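Student: I would like a close look at one part of this model, the surroundings of a single side chain, and then a short account of some other elements. Please keep it to what can be computed from the atoms.

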Amino acid sequence: MDIQKLLGELTVEEKAALVSGTDFMYTNPIPRLGIPAVCMSDGPHGLRKQKEGGDNGISSSEPATAFPTATATASGWNPENTRRMGQAIGEECRYYGVHILLGPGANIKRNPRAGRNFEYFSEDPLLAGTMGAAEVEGVQSAGVGVSLKHFALNNAEEYRFMGDSVCDTRAMREIYLKVFEHIVRQAHPATVMCAYNKINGTYCSENPRLLTDILRREWGFDGAVMTDWGATHDRVAGLEAGLDLEMPGDCAICRKWILDAVSDGSLPMEVLDTAVANILRLAACASETEKTETPDFEAHHRLAAEIAEDCAVLMKNDGVLPLAPDGAYLVVGDLFEKMRYQGAGSSMIHPTRVTTPKDAFDARGVHYGFARGYRENRFDIQPDLIDEAVHLAAGYETVLVFAGLTDYAESEGADRETLSLPQNQLALIDALAETGKKIVVVLFGGSVVELPFADRVHAILNMFLPGQNGGTATARLLFGEKNPAGRLSETWVKCAADIPFDADFSKQKTEVYKESVFVGYRYYLTAKKEVRYPFGYGLSYTTFAYHDIEVEKTEGRYTVKCRVENTGDYAGAEVVELYVKAPKTEIFKPEKELRAFGKVYLAPGESQIVTLSFSEEDLRFYYDRESRWVLEAGTYEIQICSDCETVRLSETVTVAGETIACPWDESVREVYGQADMARVTDALWEKMSGLKIPVPTPTRPVTLESRFTDLKETLPGRILFSAVLGVAGRQMKRAQKMPDGVEKDNAVKGALFMKRILESNSLITMSMSAGKSMPYHFARGFVEFANWHILRAIGCFLGKPKVPKLPKEKDKEES
């Protein structure tokens, strides 16, 4: 495809169409010039290719392999897992004619209550970046592009459509942008998807510093930038900022804005041509990508189990695990039969098949009794089910409790109100713990939960969201066919109150990142805060010893070697984690930071040399007063650890760097130097960051940027709110009338997701994502109507913008 030639042949109307999506998941084709449409589809832990007319239910998408989600794969600390998974997903994309997979999601897990954390890898940018880059490489090795998302600082759900992430530059560069930088530089994703939210007052979709200065000029990104679905606010400002493609498109007003701006000269043609060229390159790749034969779905099903086995974390074991295969056990819990294997929302995949723990137990002929214990679609305690479980437990020595977060407790579209498991599950575990039996808790879920029972049960095996073959993996791990090999990719706190600024999280449009660089273990270690289970932690059925650290520096890189030995009776895997502790200076820093890691698989008695390396540049901090990275001089301690708290070997190195004058006064140095977040005030944060916390905006009058629930502030607004929410209500009623079973459960979850999304949306985002069903002039009419401007509202409703027909529509008419 000759890009320059096509730029000369395309009309401005065709160019405006090319930078706009159509039919929800496609770019606009230009039939006159043979430019094909590019097909996109949701990911990121599998393919969600919607059928024509599909809704949010699982059955409305094509069958595909549901692999373990990112919260699981990151806990494997093995990028080969996500690379193999990515390649398999890419093969399925080719089969279904998908050119761009919308994933992976790489946002940092700032707070474990964030509703979409199951789609993200870690609280640490190196671990998240490494796993994400491998998935990108895997997918793209199959000839399919990806869309790395959600760029950037999209760390909460409640106000994600209009929220403002207010963050100091240093934290952005060292934590929140670093993960994207790693993936962009290493894996070269075909596209990047910008997030809905603002960053320090500017929407990501029209942020030139983010989309052009950093992403393209600094990191060298040469692909296309697209919006998240409906994230456009000012289309011309977006083009000028470096935003190429508006999705899902079919918004006449966006094309009108472009055409008007080109006509009056406010949008230079070269700016539009730059975006068009990026889309043409995508189309060129699409034209060269042919559909393939049916993938080996059975092999992918087996791969899903292999990955899940390598990622599960054994959090506690008093010796009860592994179980004897010929023993008899009481199994309790709805999740034994209704295994939660993926998250809820836009990533819900229609699996090719599902193997639950019950399926796997039955296939092995395990001797077990079963008690339901709780209903997974409810939170309230069911005493009759608990009594039944306690009664049956009297006949068994060991009880297996299958528990965890359900789709009703954790979902895209809403942040969790607490870190608690559903109350019916907690009451069940408490009652069983009182029986004196050996209690094994098998957890499922996409994020951290409080574990008040941890000291009263004998084992906890965390499967996370293990994908469609999670039942096979669970059985193999419980019965010792496989050895748990995962390590936590995020800190598990004792309670939500231990999280910095948790009481303020997701409460309003402005989310202030007052903790700065002290995210996750960086905070807990520096503040000397005790946690339930630290970052990088995980047990095994075997034991490991560490020997003989060696450190060598060559051409700006440190190479660190040690010998790891399996000293136990089971074959197993150990994750070797390398942290670096920076010298204490007036520049506040975390106690230590992960700089490299590796995973080694050893037979009993076997040992192996593990070699890790990192660049001296990785030790730099971002000095925002001068907008540059700085390497401080001093003595650094290299620590080989089995988790972030447990040092196995260490060595010091002297670094010849700079000595920087501290930019903060004593009050900032004292508080942030100890990560004493309880003493951080708004004024102190402003002094540290050099930024001002925005004044909250009033909920009235209603604007295009208002949260949809703000419409309830007026009588006309309440009428509109009820009418729109009625869509989700009717979907729920239809779901509840369905026969009991998987299809009904999935339909109910889809309706819940729809309700959450509608409530948290803004009018402009709803318009930009709904295309022809709720055009922009309707959204403006809603605003006027909600503000009692009835005549203005009527004028808006009747004021449909005039734009040329799309090229595909013209071609259809002519043919």
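Predicted model: local features only at pLDDT ≥ 70, side-chain atom pairs only at ≥ 80, totals over all residues.

Tutor: A residue counts as buried when its relative accessible area is under 20%, and as exposed when that area is over 50%. Lys15 belongs to helix α2, which covers residues 12–18. With a relative accessible area of 5%, Lys15 falls under the 20% limit and is therefore buried. What does the side chain of Lys15 meet there? A polar atom of that side chain lies 3.3 Å from the backbone oxygen of Leu7. Leu7 is also among the residues that Lys15 touches, and the others are Leu10, Met269, Leu272, Asp273 and Val276; residues up to four places away in sequence are left out of this list.

Burial can also be followed along a whole helix. In α7, residues 178–187, the buried positions are Val179, Phe180, Glu181, Ile183, Val184 and Ala187. After α7 comes His188, which has a positive phi, near 55°.

Next, a pair of helices. Two packed helices are described by the angle between their axes and the distance between the axes. For α20 (residues 715–736) and α23 (residues 776–786), the angle is about 140° and the axes are 7 Å apart. Angles over 145 degrees would count as roughly antiparallel, so α20 and α23 are classed as oblique to each other. On the α20 side the contact is made by Pro716, Gly717, Leu720 and Val724, and on the α23 side by Phe782, Phe785 and Ala786. By class, the residues of this contact of α20 with α23 are six nonpolar, one polar and no charged.

Three strands form an open sheet in the order β20-β21-β24, and their pairing is antiparallel. β20 (544–554) and β24 (607–615) are the edge strands, each pairing on one side only. From one strand to the next, the twist averages 20°. β20 and β21 (residues 557–566) run antiparallel and are joined by nine bridges. Within this pairing, Glu550 stands opposite Lys561 in β21.

How values were computed: Residues numbered from 1 in each chain as written. Heavy atoms only, no water. Pairing = 2+ DSSP bridges. Helix = DSSP H or I, 4+ residues; strand = E, 2+ residues; numbered from the N terminus. Axes fitted to C-alpha atoms, helices over the stretch in contact; angles between N-to-C directions. Buried < 20%, exposed > 50% of the residue type's maximum accessible area, 1.4 Å probe, protein only. Polar contact = N/O pair within 3.5 Å; in protein donor to acceptor, adjacent residues only side chain to side chain. Contact = heavy atoms within 4.5 Å. Parallel < 35°, antiparallel > 145°, perpendicular 65-115°, else oblique. Nonpolar A, V, L, I, M, F, W, Y, C, P; charged D, E, K, R; others polar.
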